[in-house]
Amino acid sequence: MMRYFFLLVLAGLLSACFGSGGVAPQNRYYHLADISSEVNHLDRPFGVIAVNPLRSDALHHDRMILYSLKSTPLMLNTYYYHLWTNSPGKLIQEDLIDYLREVRFAKSIVRYGERQHIDGQITGYIQRFERIVGGGKSGVAVRIELSFIPQTPGDKHAMTRIYNVQRTASDNSMESTVAAFSAALQTIYGRFVADVLRNENGDRPNP
């Protein structure tokens with residue numbers, strides 16, 4: 001009798017969760033927007049540069065899109081049915097590779113481990129990569145540490161810098177939010193490339 005009662009309660013809970021139709025919410029997967037064709041092109045100042053997957057804390061290892069409320073900015077939440085097509089560390093790695101190839105940053109841009117000989121590598125750490133919602137249009141907050149590590153010790157191009165960019169989405173749809181993520185990342189990439197090249201003349205990056 002107790003088992004029968006438990007099954008009835010469980011059935012009621014499932015019905016409440018999924019509605020009378022019993023249809024579970026559908027997963028939706030998102031990738032970043034294509035790199036803009038308006039980026040400036042360089043003269044391939046480097047040889048072979050390898051890009052590593054970006055490291056992160058445990059939350060950013062997952063494909064679920066993170067968000068925070070403007071009213072509680074220090075608390076992170078997850079969307080269970082809105083997911084990236086890959087973990088953010090690998091997603092940004094591939095996006096950065098596309099950008100560096102588009103701007104002709106080096107003669108060859110590869111994933112770390114694909115070439116035995118490289119002239120330098122790029123590493124990174126994701127500190128923030130989240131949607132901001134509540135009180136008007138949604139937006140995104142992206143904070144990433146990027147490092148350029150030449151293979152030659154003492155090379156003046158070596159640098160590490162933290163980039164912090166926020167963007168407002170055009171509307172409150174998830175598609176517009178993903179576009180804002182893409183725009184924020186391209187801004188970061190552009191600043192990073194400019195900082196690396198600025199070091200070529202021995203200048204310090206702007207604070």
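Two strands are said to pair if DSSP finds at least two bridges between them. Helices (H or I, at least four residues) and strands (E, at least two) are themselves DSSP runs, numbered from the N terminus. In this predicted model, 10 bridges join strand β8 to strand β9 (residues 159-168), and the two run antiparallel.

The model is predicted, so local features need a pLDDT of at least 70 and side-chain atom pairs count only at pLDDT 80 or more, while totals for chains, interfaces and linings use all residues. Residues are numbered from 1 along each chain as its sequence is written, and side-chain values use heavy atoms, with hydrogens and water left out.

**Confidence**

The pLDDT, the predictor's confidence in each residue from 0 to 100, averages 87 for the protein chain, and 86% of the residues score at least 70. Over residues 201-207 the pLDDT is below 50. Residues 2-20 also have a pLDDT under 50. Where pLDDT is low, the predicted coordinates should not be read in detail.

**Strand β8 and its partners**

Strand β8 covers residues 139-150, and nine of its 12 residues are buried (buried means under 20% relative accessible area, exposed over 50%, partly exposed in between, with a 1.4 Å probe and protein chains only). On one side of the pairing, 12 bridges join β8 to the antiparallel strand β7 (residues 120-133); Ile132 has Gly139 in β8 as its bridge partner. Five residues lie between the strands of this hairpin, where Gly134 takes a positive phi near 105°. In the pairing with β9, the bridge partner of Ser147 is Thr160.

**Charged side chains**

A salt bridge is a side-chain nitrogen of Lys or Arg within 4 Å of a carboxyl oxygen of Asp or Glu. The count comes to five salt bridges, including those in the table.

| Salt bridge | Closest N to O |
|---|---|
| Glu94 and Arg111 | 2.7 Å |
| Arg111 and Glu114 | 2.9 Å |

Asp195 and Arg198 are separated by about one helical turn, because they are three residues apart in helix α3 (residues 174-198). Asp195 is buried at 3% relative accessibility, whereas Arg198 is partly exposed at 26%. Elsewhere, salt bridges that share partners join Glu94, Arg111 and Glu114 into one network.

Asp95, in helix α2 (residues 88-102), is buried yet has no salt bridge, and the nearest side chain of opposite charge, Arg101, is 11 Å away (Lys and Arg count as positive and Asp and Glu as negative; His and the chain ends are not counted).

How values were computed:
Contact means heavy atoms within 4.5 Å.
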